[in-house]
Number of protein chains: 2
Amino acid sequence: MFDSGFGGLTVARATIDLLPAEHLVYIGDTGRYPYGSKPLRDVRRFSRELAWSLVEDYDAKAIVVACNTATAAGLDDLRNELPVPVIDVVTPGVKALVHTTSTGRVGVIGTVGTIKSGAYVRAIAETGVPVKLTSAACPGFVEFVERGQTTGDEVTVLAERLLAPIRSARVDALLLGCTHYPFLARTIGDVMGVDVTLVSSADETAFAIRTRLSELGLLRADERPGTHRFVSSGDIEVFRELGAQLLGPELDRTERWVPTRG
Amino acid sequence: MFDSGFGGLTVARATIDLLPAEHLVYIGDTGRYPYGSKPLRDVRRFSRELAWSLVEDYDAKAIVVACNTATAAGLDDLRNELPVPVIDVVTPGVKALVHTTSTGRVGVIGTVGTIKSGAYVRAIAETGVPVKLTSAACPGFVEFVERGQTTGDEVTVLAERLLAPIRSARVDALLLGCTHYPFLARTIGDVMGVDVTLVSSADETAFAIRTRLSELGLLRADERPGTHRFVSSGDIEVFRELGAQLLGPELDRTERWVPTRG
């Protein structure tokens, strides 16, 4: 599993909880993040390096692209060239979203880059389910999460302002289309109200991982818990500190990413 | 001069530029920041410790409270007990704001805490100038500045969203009521348009410092440039790196804050 930084840790958390027997290697590319402001070509190159490193250096049996920007930048290349299955964070959330709504009015929130890319509009169209989609970019959400500040006045007021168009659209299901956002679920839920179901890309991706591994006969058949390794291309001490705060006690140390090729 | 963290560096920058002969000691209380989420009682105690340390440990002839939260938490105590003049960041900006407007429609932006405190509403009322004030909290602005991310899509979209009520109010002058915001002046200016004058608390505070020192005969009469010391209660390496990016080359090293009492 890889991400540009810390956001994908929500996917890691959900995966550890759902599939405790699986071994997990998480690379956070904090040495080069944030990806949002980088050219797509660079993001594609970083993704290939990270994915190949997971296969060759860490012997991964499947790759999870736990990063919306990398997913939006194009998965086709990775799927074509990698010898293992590739699971993304967009498709699972979108599938859950269109099946959760009963009114047909749904919302998606994400970073400016993700919303502008149109990746969610396309993914929803591909489901063939006719829904009315309202999107909103939520700049600032990622920044608060990465300060470890997930509740409080500042975040709540920001959420009220940014979610106003989604509330006006009277959606009954809202997809958290950025892997950072589940850390803000309480605040987002308070602002949206109890009648709106929040769909987490992270949880849905974990389900998709289980389904895919099961279909391919790749689930680990072992009673003992899997190992969890956290790897960073940036400052490993910073990664460990904030990472542990966000993910939990499993992230008790961080290794430095040393790719063998690339 | 003291602040909870990095924001006051805009005041330091403006002061160095306007008063190059003055010696400046800046304490950033990054070991205990952000103040915004702390009880007022704690903020008052921190302010007293920092102000007294500047007087006793650094021999300050005047204190600048370069922090809106600390200013809003109450300056009267500091003014009553300190043996040197105390300059705040709210009054100078407000005075400039009410004299800049020609339509009488003005705006103030700040953190949620500052806007909620009502400090600007009161300060504007105290000027006796009849203006129509529109305020807006801008959660997220500080967080982007402290990542060193002051331009780009994410910040621009956030500014468009948060400044919408100020734009609707058709103000002709907007006070940046948070010491971090001058770092975002370009983005804020682009969003507000050329017809709106931005008033910087930082610049106005530097003018107020000059006026006050001059009135009291305390300006340093020396051709040689003053010294600039930057002191932090938190990680001094982090402070130096981000600080230099924000303030400029004068911030080439950071000392650790070691108060002699408190």
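Reply: A cavity is a set of grid points where a 1.4 Å probe fits but cannot get out, and its lining residues have an atom within 4 Å of a point. Please note that the model is a predicted one.

Me: How many cavities of 30 Å³ or more does the structure hold?
Reply: There are three cavities of that size. The largest cavity has about 40 Å³ of space.

Me: Which residues line the largest cavity?
Reply: The lining consists of Thr114(B), Ile115(B), Gly118(B), Ala119(B), Tyr120(B), Val121(B) and Ser135(B). At least two lining residues come from each of the helices α6 (112-117) and α7 (119-127) of chain B. The greatest contribution is that of α7(B), with three residues.

Me: And what is the lining of the largest cavity like by class?
Reply: Four of the lining residues are nonpolar and three are polar, while none is charged.

Me: Turning to open spaces, how much space lies in the largest pocket?
Reply: The largest pocket holds about 1,600 Å³. Its lining comprises 33 residues.

Me: Which of them lie nearest the centre of the largest pocket?
Reply: Those nearest the centre are Glu146(A), Val238(A), Tyr33(B), Glu146(B) and Val238(B).

Me: Which helix gives the most to that lining?
Reply: Helix α12(B) gives the most to the lining of the largest pocket, namely six residues. Helix α12 (236-247) of chain A and α12 (236-247) of chain B each supply at least two residues of this lining.

Me: How many charged residues are in the lining of the largest pocket?
Reply: The lining of the largest pocket has 12 charged residues, together with 11 nonpolar and 10 polar ones.

Me: Let us move to the sheet in chain A. What is the strand order?
Reply: It is an open sheet of four strands in the order β6-β5-β7-β8 of chain A, and the pairing is parallel. At the edges are β6 (132-137) and β8 (197-200) of chain A, each of which pairs on one side only. From one strand to the next, the twist averages 25°.

Me: What packs on that sheet?
Reply: Helix α11 (residues 201-215) of chain A packs on it and touches β7 (173-176) and β8 of chain A. The direction of α11(A) makes about 55° with that of β8(A).

Me: How many bridges pair β5 with β6 in chain A?
Reply: Strand β5 (residues 105-110) of chain A pairs with β6(A) in the parallel sense over six bridges. Within this pair, Val106(A) stands opposite Leu133(A) of β6(A).

Me: Now chain B. Which residues of β7(B) are buried?
Reply: Ala173(B) and Leu175(B) are buried on one side of β7(B), and Leu174(B) and Leu176(B) are buried on the other, so that both faces are covered.

Me: What are the bridge partners of β7(B)?
Reply: Strand β5 (residues 105-110) of chain B runs parallel to β7(B) and is joined to it by four bridges. In that pairing, Val108(B) stands opposite Leu175(B). Strand β8 (residues 197-200) of chain B also pairs with β7(B) in the parallel sense, over four bridges. Here Thr197(B) in β8(B) is the bridge partner of Ala173(B).

Me: A side question: is Thr71(B) buried or exposed?
Reply: Thr71(B) has a relative accessible area of 9%, which means that it is buried. This residue lies in helix α3 (residues 68-72) of chain B. Leaving aside residues up to four places away in sequence, Thr71(B) touches Val65(B), Asp88(B), Val89(B) and Val90(B).

Me: Backbone next. What is the phi of Asp59(A)?
Reply: Asp59(A) has a positive phi of about 60°, although it is not a glycine. Most residues other than glycine have a negative phi. Asp59(A) sits in the loop between α2 (40-56) and β3 (63-65) of chain A, and its relative accessible area of 67% makes it exposed.

Me: And what is the phi of Arg170(B)?
Reply: Arg170(B), likewise not a glycine, has a positive phi of about 50°. The residue is in the loop between α9 (153-168) and β7 (173-176) of chain B.

Me: Lastly, where is Asp222(B)?
Reply: Asp222(B) is in the loop between α11 (201-215) and β9 (228-232) of chain B. With 25% relative accessibility, Asp222(B) counts as partly exposed.

Notes
Residues are numbered from 1 along each chain as its sequence is written. Chains are lettered from A and ligands numbered from 1 in the order in which they are written. This is a predicted model: local features need pLDDT of at least 70, side-chain atom pairs count only at pLDDT 80 or more; totals for chains, interfaces and linings use all residues. Side-chain values use heavy atoms; hydrogens and water are left out. Buried means under 20% relative accessible area, exposed over 50%, partly exposed in between (1.4 Å probe, protein chains only). Two strands pair if DSSP finds at least two bridges between them. Axes are lines fitted to C-alpha atoms, for helices over the stretch in contact, and angles run from 0 to 180 degrees between N-to-C directions. Contact means heavy atoms within 4.5 Å. On a 1 Å grid over the protein atoms alone, a cavity is a set of points where a 1.4 Å probe fits but cannot get out, and a pocket is an open set with protein on both sides within 12 Å along at least five of seven lines; lining residues have an atom within 4 Å of a point. Grid points are joined across faces, edges and corners, and a volume is the space filled by probe spheres set on the points. Ala, Val, Leu, Ile, Met, Phe, Trp, Tyr, Cys and Pro count as nonpolar, Asp, Glu, Lys and Arg as charged, and the others, Gly among them, as polar.
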